[in-house]
Amino acid sequence: MSSSPPAVSLPALRFDNVTKTYRGGQVRALGGVSFEIAQGEFFGLLGPNGAGKTTLISILAGLAKATSGSVSVHGHDVVGDYAAARRALGVVPQELVFDPFFSVRETLRIQSGYFGVRNNEAWIDELLENLGLADKANANMRQLSGGMKRRVLVAQALVHRPPVIVLDEPTAGVDVELRQTLWQFVARLNKEGHTVLLTTHYLEEAEALCGRIAMLKQGRIVALDRTSALLAGTASTMLRFKLDQALPAGLAERARVTGRIVQVKAHDAAEVEQILAALRAAGCQIEDLEIGRADLEDVFLEIMQSEPAAAEARS
Ligand SMILES: Nc1ncnc2c1ncn2[C@@H]1O[C@H](COP(=O)(O)OP(=O)(O)OP(=O)(O)O)[C@@H](O)[C@H]1O
């Protein structure tokens with residue numbers, strides 16, 4: 001049996017100066033990533049495409065090897081103590097890979113066997129029920145829609161009741177119903193003490209769910225803080241409106257434009273007035289004006305645009 005100190009004093013996950021290069025050092029996916037996630041946290045890992053999120057999760061799950069540095073799960077090194085580290089983890093991968101010949105229930109039984117868990121039917125039933133899969137238990141994997149397969153991926157990751165749950169973009173391309181079902185269930189597991197590490201491009205989800213967030217850019221952490229602190233640390237007001245014509249010079253370079261929707265940041269009421277005056281002076285006909293608080297997407301864009309990739313983590 002292990003002689004480690006009581007589990008509660010150990011971080012759930014620890015990344016210590018993790019680097020990863022590909023193609024003989026030509027591609028640097030991770031450039032020295034260090035942070036810890038405490039047991040029971042709901043933690044978000046955000047970053048643009050290619051930032052290194054999946055690489056970090058692959059190293060954590062033992063699917064890729066770090067070029068240098070180390071990663072541990074509840075104190076178990078993912079290389080030196082692979083079996084124990086892997087047992088403590090439930091990883092929901094991005095890609096849907098299944099054996100098409102097994103039914104949903106058989107798939108979950110096989111996965112239980114892989115982790116040496118016997119007599120797991122009650123928990124498998126609970127997973128099927130909570131993930132809206134109960135009526136698909138005997139369906140073959142190849143008969144399921146993409147969204148249903150994704151539910152099975154989640155069930156598969158949780159079959160051995162891991163204390164740490166890792167979700168790599170679990171809601172990419174899935175419908176609203178599954179997102180709600182999934183978040184309800186994951187939030188319940190988190191309340192019951194499971195640690196959750198989530199990567200997502202849906203920043204609204206990260207803002208609603210995660211207590212702390214790290215942002216990766218080009219393989220380095222450029223922000224790491226409580227979600228509330230990240231939100232508080234940015235300009236507090238956003239003007240949002242619709243516009244069918246070009247923005248006047250001076251506003252165009254400060255604005256975020258998505259189709260007809262324009263968003264401009266303002267630091268205070270005087271700046272709001274200046275922006276509206278500039279629009280009026282340029283003869284812009286704006287519609288559906290809203291003045292609201294900056295959200296995580298605004299914070300994310302601000303950090304990604306301003307932080308040099310080589311910046312060290314703020315914690
Ligand atoms: N097997 C590989 N060979 C070469 N380069 C790779 C390999 N896997 C990843 N990379 C590179 O490493 C970097 C990080 O990729 P990674 O997939 O970890 O990013 P990500 O943050 O998960 O992106 P996304 O949001 O698109 O999933 C990218 O530049 C990518 O091209």
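Trainee: In which sense do strand E6 and strand E7 (residues 164–168) pair?
Mentor: Helices (H or I, at least four residues) and strands (E, at least two) are DSSP runs, numbered from the N terminus. Two strands pair if DSSP finds at least two bridges between them. Four bridges link E6 to E7 (residues 164–168), and the sense is parallel.

Trainee: What kind of model is this?
Mentor: Residue numbers start from 1 along each chain as its sequence is written. Local features need pLDDT of at least 70, side-chain atom pairs count only at pLDDT 80 or more, totals for chains, interfaces and linings use all residues, and the model is predicted.

Trainee: Which residue of E7 is the bridge partner of glycine 90?
Mentor: Gly90 belongs to strand E6 (residues 89–92). Across from glycine 90, the bridge partner in E7 is isoleucine 165.

Trainee: Which residues of E6 are buried, on one side and on the other?
Mentor: A residue is buried if 20 or more other C-beta atoms (placed from the backbone) lie within 10 Å of its own, exposed if 12 or fewer, and partly exposed in between. In a regular strand the side chains alternate between the two faces of the sheet. Both faces of E6 are covered, and the buried residues are Leu89 and Val91 on one side, with Gly90 and Val92 on the other.

Trainee: Which residue in E2 stands opposite arginine 14?
Mentor: Arginine 14 also faces serine 72 in E4, and serine 72 in turn stands opposite aspartate 77 in E5. In E2, the residue opposite arginine 14 is glutamate 36.

Trainee: Which element gives the most residues to the shell around the ligand?
Mentor: A residue is near a molecule or strand if its C-beta atom, placed from the backbone, lies within 6 Å of it. The residues around the ligand include Tyr22, Arg23, Lys53 and Thr54. Strand E2 (27–37) and helix H1 (53–60) each give two or more residues. With three residues, the element that gives the most is H1.

Trainee: Is leucine 224 buried or exposed?
Mentor: Leucine 224 is found in strand E10 (residues 220–226). Because there are 20 C-beta neighbours inside 10 Å, leucine 224 counts as buried.

Trainee: Which helix gives the largest share of the core?
Mentor: A nonpolar core is a set of buried Ala, Val, Leu, Ile, Met, Phe, Trp, Tyr and Cys residues joined through C-beta atoms within 7 Å. The largest one has 76 residues, and Ala155, Ile165, Val166 and Met215 touch the most other members. Six residues, the largest share, come from helix H5 (residues 146–158).

Trainee: How many Å separate the centres of domain 1 and domain 2?
Mentor: Domain bounds come from an automatic or database domain assignment. The chain is divided into domain 1 (8–88 + 162–231) and domain 2 (235–293). Taken over C-alpha atoms, the separation of their centres is 36 Å.
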